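Okay, thanks for coming, everyone.

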Amino acid sequence: MGQLATLFSPDRIAVVGATDREGSVGRAITANLLDGFEGDVVAVNPTKDEVLGLESHDSVGAVPDVDAAVVVVPPSIVIDAIREAAEAGVQNVVVITAGFGESGSEGASRERELREIAAEHDLNLVGPNSLGIVNTGVGMNATFGPESPQEGSISFMSQSGAFVTAVVDWANDRNLGFHNVVSLGNKAVLDESDFVAEWGEDPDTDVILGYLEDVVDGRAFVEAAREVSRETPIVVVKSGRTEAGASAAASHTGAIAGSERAYEAALDQAGVLRVESVQDLFDFGSILAGQPLPEQDGVAIVTNAGGPGVMTTDAVGDSDLSLASFTDETVEAFRAALPDEANVYNPVDIIGDAPVERFEDALDVALADPNVGAAVVVACPTATLSYDALAEAVVDLQAEYEMPVAATLMGGSSARSANDTLSTAGIPTFFDPARAVRSLDALREYREISRREYTEPETFDVDRDAARGILEAADRRNSNRLGVEAMGLLDAYGIPTPDAEIVDSRADAVEAADRIAGDGEVVMKIVSPDILHKSDIGGVAVGVSPEDVADTYEDLVTRARNYQPDATVLGVQVQEMLDMDSAVETIAGMNRDPGFGPLVLFGLGGIFVEVLEDTTVRVAPVSEPSAREMLTEIDAAPLLRGARGRDPVDEDGVVETIQRLSQLVTDFPAIVELDINPLVATPDGVQAVDVRLTIDQEEL
Ligand code: ADP
Ligand code: MG
């Protein structure tokens, strides 16, 4: 194990605030520790002589070699208790006491103090406001929950302590065991990233599950999870997805929920399986802990019941798995083993009178087929079938083939002991075949994650000083909004822009148009940091012929004045006109998330971008393969590939622009938001014709 080994396996643990008062938290924790912990338990409480048969000490320092302390004293004396423990050499502290960041300003300042002490003494500190921690590996239940979890290979962290007790109770009913359980509490010091990193190095943890309401340090989490998820699956349910949920979460643990899209992109990039419900969290957790990964996407369904077989088939259709098509040999083998009325194609229907032997034969044949990667056994209770015998047969065959199997033994009490047999062997069982298939699909999804190759983001040769100069110039104008006057930023980062010039007189406009286009047409745009959407006020003139340039100049300036008399007008941009016939207007942009940093966006662009909302995002920095994926993810992807006989656009150019933009916004934290809209993509290349950004002067 890693850094937190002693936190989870202390030789000696002290309960600071131990008591035998009925119904108290201090008593519950002491009693839970006394029940099965392999190490020493020490009671600390100066007002007692004895607690539950333990001698009670006046302070942690009175006992040598305490590795960990669970702190349950009232909030007003928590800080002193921890300082005392730290000074006595205790490195690991679990703070159960509530009344910190979640409860007003006094609590918040107390939590700051807690952080300071932890930093000063380099403490591993869980909580405050935690239910505690569990390590079944050493029989340690340092929580005040009513039940101890069973031993298993899942490690689970939860931002809600109450949820931990519910989960343990429920999981015990289903033979679902845990290795470590952590109630994160307010995460003043240790947070989800620390436990992900720890469990990633823990040979006894096969699957990491998390119930999270927020992520403290988004980038740290992405980095830790990306490393760990290659070897150890991580499944997270993040609550507060909806706006109502987010405000509930914010008041719950004092957590401020980050933007939903940032989470989605970040968890995906980190290789985290994100689920929407608590049911999926534990369904996925138990199959990932109990079953191997499928080598094929083909699923075999073996059933004694037509209807449920069809339900299962539908579920396969809804998933990213497929219904396996059997080889001729397999079909022959089914014919030889099954009655004439049986369906020897997938789903294999072995008919309602099937005894266990027929299930056994059919599953044996199915699992041997090279096109089969996983199997679902779907059964309804009949007089000819013993569920218990079926469960044993499924367990044996699964072990023999070492392939993932899920079971759906429909029924109530008739299936109970069979389900016990299956779940003890790590084979998940469900009433609903759709859940069985979703679980198998989670194995497939994790297989893809575990095979992912991480590519370092590319670093291009750019002119960083020029870019800085442009940002500083805006700062001198005391403006935090920039428009096309900042096109030079893109040039400095190698993002192509059309030939253009900003002018502030009729005569200069005519001259610029002549230089740029000669006899041809140009595009003219008002340049003002106060006008965000130029087209909306008629501030963009496309296809201006040379004789109209001077009048158009006047016209644009007048429109700006009418629109907003006090608007700062920097001039008019005269821009090369692009041939839009074979072009796709895309958008490449960025906004900065408080937790995850810059998010890079790509999508269908143009003036209707808000209406169409066809975009996808990544947490920066964006690597080449990741940028390429973004192009395929939008609904308008076929347009880029050249729909209806058009030539495909220069996808490499778009991909490179996304990467260069990612580098720009990573290099300059001062850029808070940026839109290149449109980024015009044609078969011959890409051109950024418009830019708009907001800067934070403090960061310059
Ligand atoms: P805004 O977004 O402020 O309205 P843009 O500069 O994006 O202003 O221009 C609006 C639209 O005008 C673009 O979406 C594009 O269709 C068209 N356009 C702008 N510049 C050019 C150009 N150089 N060549 C051809 N079309 C252009
Ligand atoms: Mg625009």
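This is a predicted model: local features need pLDDT of at least 70, side-chain atom pairs count only at pLDDT 80 or more; totals for chains, interfaces and linings use all residues.

Before any numbers, let me say what I mean by a cavity: on a 1 Å grid over the protein atoms alone, a cavity is a set of points where a 1.4 Å probe fits but cannot get out, and a pocket is an open set with protein on both sides within 12 Å along at least five of seven lines; lining residues have an atom within 4 Å of a point. For volumes, grid points are joined across faces, edges and corners, and the volume is the space filled by probe spheres set on the points.

Residues are numbered from 1 along each chain as its sequence is written, chains are lettered from A and ligands numbered from 1 in the order in which they are written, and side-chain values use heavy atoms, with hydrogens and water left out.

So, how many cavities of 30 Å³ or more does a search of the whole structure find? There are 2. When I say strand or helix, I mean DSSP runs, numbered from the N terminus: H or I and at least four residues for helices, E and at least two for strands.

Now the open spaces. The largest pocket holds about 760 Å³. Of the 32 residues lining it, Arg174, Asn175, Asn419, Ser423 and Thr429 are the closest to its centre. At least two lining residues each come from β10 (151–158), α5, α10 (278–290) and α15 (416–424), and α10 gives the most, with 6. We get 12 nonpolar, 13 polar and 7 charged residues around this pocket.

On to helix packing. Axes are lines fitted to C-alpha atoms, for helices over the stretch in contact, and angles run from 0 to 180 degrees between N-to-C directions. Under 35 degrees counts as roughly parallel, over 145 as roughly antiparallel, 65 to 115 as roughly perpendicular and the rest as oblique. Contact means heavy atoms within 4.5 Å.

Take α6 (residues 192–200) and α7 (residues 218–228): their axes come within 9 Å and cross at roughly 15 degrees, so the two are roughly parallel. Glu192, Ser193, Val196, Ala197 and Gly200 in α6 meet Ala220, Phe221, Ala224, Ala225 and Val228 in α7. That contact has 7 nonpolar, 2 polar and 1 charged residues.

Next, α12 (residues 328–337) packs with α13 (residues 356–368) at about 170 degrees, axes 10 Å apart, so this pair is roughly antiparallel. From α12 we have Thr330, Ala333, Phe334 and Ala337, and from α13 Asp361, Ala362, Val365 and Ala366.

Then α22 (residues 624–633) and α24 (residues 651–667) pack at about 120 degrees with axes 9 Å apart, and are therefore oblique.

Last, the backbone. Where do we find cis peptide bonds? One runs from Asn346 to Pro347, with omega near -5 degrees, and Pro347 sits in the loop between α12 and β17 (348–349). Another goes from Asn677 to Pro678, with omega near 5 degrees, and Pro678 is in strand β28 (residues 671–682). Finally, Leu52 has phi near 45 degrees, a positive value in a residue other than glycine; look for Leu52 in the loop between β3 (50–51) and β4 (54–57).

Note on methods. Ala, Val, Leu, Ile, Met, Phe, Trp, Tyr, Cys and Pro count as nonpolar, Asp, Glu, Lys and Arg as charged, and the others, Gly among them, as polar.
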